[in-house]
Amino acid sequence: MSERHACRLLGQCRGSQRYEVICRIDEDALTRAIIELASAYGRYGYRRVTVKLREAGWQVGKDRVQRIWRREGLKVPQKQKPRGRLWFNDGSCVRLRPERANHVWSYDFVKAMTHDGRSLRLLVLIDEYTRECLAIRVQRRLGSREVIETLADVMLWRGIPEYIRSDNGPEFVAKELRKWLGNLGTGTLYIEPGSPWENGYCESFNGKLRDECLNGEIFYSLREAQIVIEKWRVEYNTRRPHSALGYRPPAPVACEIGGQNGCGKDAPTRRGLENAARFPLSHSPGDGGLSSPSASMLTRLSWLGNHGSLT
């Protein structure tokens with residue numbers, strides 16, 4: 001039977017029988033690079049892997065990466081169902097939306113443990129607008145005094161926030177903490193009991209921390225946990241692509257170096273450009289971005305930390 005007659009019977013184009021797969025010369029090297037990144041960043045999807053490849057110098061699109069990703073049987077993280085925001089009857093939003101850096105911070109506790117079964121407590125502090133993790137304090141026990149110390153350390157180089165959001169845990173509703181924040185002029189935003197989704201920015205970060213760091217590490221000592229978690233925090237702020245920021249890292253300096261290249265659902269054409277005004281801010285104190293705290297503020301923080309609410 002001739003090729004013409006067979007194609008007519010099957011309803012196929014004759015050109016399909018002569019198609020030859022074009023193998024690019026860099027296909028094997030690109031596949032190895034994708035597998036290495038997938039191994040190094042086990043919870044990254046193909047979009048974030050595409051960003052890391054571009055940072056390494058590969059001229060590649062997300063569609064080609066997705067094709068190789070699926071061909072190699074790599075796991076694509078499942079998508080979560082979108083959740084509606086919380087609204088009042090008049091149409092206003094329940095949560096105070098962050099509008100600028102140092103507008104709204106949020107903090108929460110995360111639990112972990114060392115190899116011997118002893119518990120660890122992690123105090124997580126983030127800026128909701130820049131999505132930057134300002135501090136992760138790791139100790140066996142953390143109370144309201146340790147919360148004040150952590151906040152004071154961050155405020156010395158970052159500045160004082162207008163509001164800070166948290167749940168109703170005893171460490172966050174303690175009188176000495178509320179008095180200390182009130183003396184600084186920082187308002188407290190407490191979510192409804194049993195409604196962790198109202199602290200969504202911090203809960204989302206906690207999920208990434210557990211998924212990408214805590215679940216993959218075995219800590220044999222408190223010191224090891226502090227070092228490993230702090231290393232991950234720096235990685236998160238300066239290198240990890242964040243989908244809500246056009247797949248750029250939260251730290252402003254890293255975002256400036258990374259340029260405007262983005263891909264996926266939140267590329268710079270959308271939300272990345274919307275938030276572009278935030279990136280001239282500096283990640284470190286004293287280098288032209290976020291203004292360093294004045295001497296009077298440093299004195300005030302120091303005095304309040306020693307006398308204002310701890311007497």
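Arg48 lies over the face of the Tyr44 ring, 6.0 Å from the ring centre. A charge counts as sitting over a ring if NZ of Lys or CZ of Arg is within 6 Å of the ring centre and within 35 degrees of the ring normal. Arg121 also has its charged end over a ring, that of Phe109.

| Charged residue | Ring | Distance to ring centre |
|---|---|---|
| Arg48 | Tyr44 | 6.0 Å |
| Arg121 | Phe109 | 4.0 Å |

The model is predicted: local features need pLDDT of at least 70 and side-chain atom pairs pLDDT 80 or more, while totals for chains, interfaces and linings use all residues. Residues are numbered from 1 along each chain as its sequence is written, and side-chain values use heavy atoms, without hydrogens and water.

Rings of Phe, Tyr and Trp (its six-membered ring) pair if their centres lie within 6.5 Å; planes under 30 degrees apart are stacked, over 60 edge-to-face, and the rest tilted. The count by this rule is 5 aromatic pairs. One of them joins Phe109 and Phe172, stacked at 5.1 Å centre to centre with 15° between the planes. Phe109 belongs to strand 1 (residues 104–113), and Phe172 to the loop between strand 4 (163–166) and helix 6 (175–184), 63 residues apart. Helices (H or I, at least four residues) and strands (E, at least two) are DSSP runs, numbered from the N terminus.

Leu9, in helix 1 (residues 3–10), is exposed, with a relative accessible area of 56%. Buried means under 20% relative accessible area, exposed over 50%, and partly exposed in between (1.4 Å probe, protein chains only).
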